[in-house]
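Please read the following walk through a model alongside its sequence and coordinates.

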Amino acid sequence: MRVLFVASEAGPFVKTGGLGDVAGALPKALAQKNADVRVVIPKYKELNWQVRDKLRFVKWFNVRVGWREQFCGVWEAYINGVTYYVLDNERYFNRDEAYGHYDDAERFAFFDRAVLDMLRQIDWQPDLIHCNDWQTGMIPVLLKFQYKRNDMFYWNMKTIYSIHNIAFQGVFDPNILPELFGFDMELYTNTCLKFDAGVSFMKGGLYYSDIITTVSNTYAYEIQTPEYGQRLDGVLRDRAYALRGITNGIDYDEFNPKTDKNIYKNYDVNSLKNKIMNKTELQKELGLTVDEKIPMIAMVTRLTPQKGIDLLVNISDRLLQQNIQLVVLGTGDKPYEDHFKWLNYRYGNKVSANIKFDNSLANKIYAASDMFLMPSLFEPCGLGQLIALRYGSIPIVRETGGLKDTVTAYNEYTGEGNGFGFQNYNADELYNIIQYALNIYENKKKWNSLVKNAMKSDNSWDRSAQVYLNLYRELTGID
Ligand code: ADP
């Protein structure tokens, strides 16, 4: 199985968000299952220096962007069983930020065509091209209308298009069709790429790929509704038969309470006593009352409306009348930041508001806390709850997107489940489920068995990679 994984960012080279995580971890996990996986990304100014030095120049060629020819250099590195191709054009990519430039349409029009041209240049025929997010959305379109029509080399290549963030759709002036791609206006007038008065890269990926995936089953369903679909729900309903949800995993080596060097005391499911020391040490560090019996509720998140912060703001005073501790780590919208700073001031040794980005503190919080809140308005997959489960901090989530797929409600009678959930975007529902969780917390036997369930949940990339591999096999007919 030969797979070309195309993304605008990929760990370990460059990572600005969840896509970088997936594009780093999934190819690595697929390679461990003996697939020939190669990743292609742009050569930005900022590439992780630890791996940048491994790049070796392969060759250069010209890429057609509309009526112009642009230089493209191919660099290659082999890391963890995966071949990385990094495409170089200084005019387009040697800049401070990866995205958000006035000519993003041209930059990624170049990239999409360069990816397809590169295959001919290095004479490698993947069975399947796996595209991700809007930046790569025109690859299935170019493949169908230009490359397959002109060159047998491309005939057997299938495409998968994955949505990581449906909010960014790459919508530009329709003139880019002739100017940057050499198409006429038909794809605009027949509405296949049309979005309002523009054309959308993402819509191209959605209509012209063989299979569409997104990062959880529930989100695959939700984005077919107007509530979550960001106005692409109609297209997704049209192509519902080709749409699948595959839940992301986390790197089980990186997030492992048994070996994590960031936390105070390592532990695993058989040494839960050591988890308690993480709590008391963190209480000391953050200036909270040091008492292992007080339930610690945590949040590590961007402070934005997506994350359901409004619900917590609404109930925080009510909640803090009880004997609990609230630890927040996050940055984002100023009113939310101010609210948590105020709670910190108001409730002193019961609340710790940490308004910053700090990976090491994040892990300490996952290890120390008893409960982890994610009352999100929407959540395509969510990593926070997966890390919390791994560290035995019980997730309390709104049942949406990936949260619904990865957290199953605890049943105190059968002992099944790994967390708590509520359905409606409503502050009272959040309040009530926290009360229920606090109730269960009082019964140490029940709580410990719940923590064990959580820590035993399997959300490794290994499992998700197998699901992708099965899909690749189904699509290509190759074993
Ligand atoms: P999203 O990608 O929408 O922000 P996820 O739950 O998928 O949400 O991933 C968020 C990741 O970022 C988690 O691993 C979380 O621990 C981490 N994170 C969020 N805010 C912070 C912060 N302030 N400091 C450290 N890590 C953070």
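Lys 444 lies over the face of Tyr 441, at 3.6 Å from the ring centre. A charge counts as sitting over a ring if NZ of Lys or CZ of Arg is within 6 Å of the ring centre and within 35 degrees of the ring normal. Arg 68 is placed over the face of Trp 67 in this sense, 5.4 Å from the ring centre. This is a predicted model, in which local features need pLDDT of at least 70 and side-chain atom pairs count only at pLDDT 80 or more, while totals for chains, interfaces and linings use all residues. Residues are numbered from 1 along each chain as its sequence is written, and side-chain values use heavy atoms, with hydrogens and water left out.

The structure holds 29 aromatic pairs. Rings of Phe, Tyr and Trp (its six-membered ring) pair if their centres lie within 6.5 Å; planes under 30 degrees apart are stacked, over 60 edge-to-face, and the rest tilted. One of the pairs is Tyr 147 with Tyr 154, edge-to-face at 5.1 Å centre to centre and 75 degrees between the planes. Both Tyr 147 and Tyr 154 are buried, where buried means under 20% relative accessible area, exposed over 50% and partly exposed in between (1.4 Å probe, protein chains only). Tyr 441 and Trp 447 also form an edge-to-face pair, with 5.1 Å between centres and 75 degrees between planes. Tyr 441 is buried because its relative accessible area is 4%, and Trp 447 counts as buried because its relative accessibility is 4%.

Two annotated regions come from the record. UniProt places "domain: Starch synthase catalytic" (unreviewed entry) at residues 2-237, and "domain: Glycosyl transferase family" (unreviewed entry) at residues 290-448. Such positions are given in the numbering used here, feature names are shortened, and annotations may be inferred rather than shown by experiment. Over residues 2-237 the chain is 35% helix and 27% strand, with end C-alpha atoms 30 Å apart. Over residues 290-448 the chain is 43% helix and 20% strand, and the end C-alpha atoms are 21 Å apart. Helices (H or I, at least four residues) and strands (E, at least two) are DSSP runs, numbered from the N terminus.

Strand β11 (residues 211-214) has Ile 211 and Thr 213 pointing one way and Ile 212 and Thr 214 the other way, and all are buried. In a regular strand the side chains alternate between the two faces of the sheet. Which strands pair with β11? Strand β7 (residues 158-163) runs parallel to β11 and is joined to it by four bridges; two strands pair if DSSP finds at least two bridges between them. Strand β12 (residues 243-245) pairs with β11 in the parallel sense over three bridges. Ile 212 in β11 stands opposite Tyr 161, and the bridge partner of Ile 212 in β12 is Leu 243.

An open sheet of three strands has the order β8-β10-β9, with antiparallel pairing. Its edge strands, β8 (171-172) and β9 (194-195), each pair on one side only. Two bridges join β8 to β10 (residues 198-200), and Phe 172 has Val 199 as its bridge partner in β10.

In helix α12 (residues 309-319) the buried residues are Ile 309, Leu 311, Leu 312, Ile 315, Ser 316 and Leu 319. They lie on the same side of α12 because they cover an arc of only 140 degrees around the axis, the arc being that of the directions from the helix axis to the C-beta atoms. An α-helix has 3.6 residues a turn, so residues three or four places apart point the same way. The buried residues of α12 pack against β13 (296-303), α13 (334-347), β16 (371-374), β18 (420-422) and α17 (427-442).

Val 40 is found in strand β2 (residues 36-42) and is buried, with a relative accessible area of 0%. Contact means heavy atoms within 4.5 Å. The C-alpha atoms of Val 40 and Val 86, 46 residues apart along the chain, are separated by 5.7 Å.

Gln 283 has its place in helix α11 (residues 273-286) and counts as buried at 0% relative accessibility. Residues up to four places away in sequence aside, Gln 283 touches Leu 288, Thr 289, Val 290, Asp 291, Glu 292, Met 296 and Gln 325. Gly 205 is in helix α8 (residues 201-208) and is likewise buried at 0% relative accessibility. Beyond its neighbours within four places in sequence, Gly 205 is in contact with Gly 137, Pro 140 and Tyr 161.
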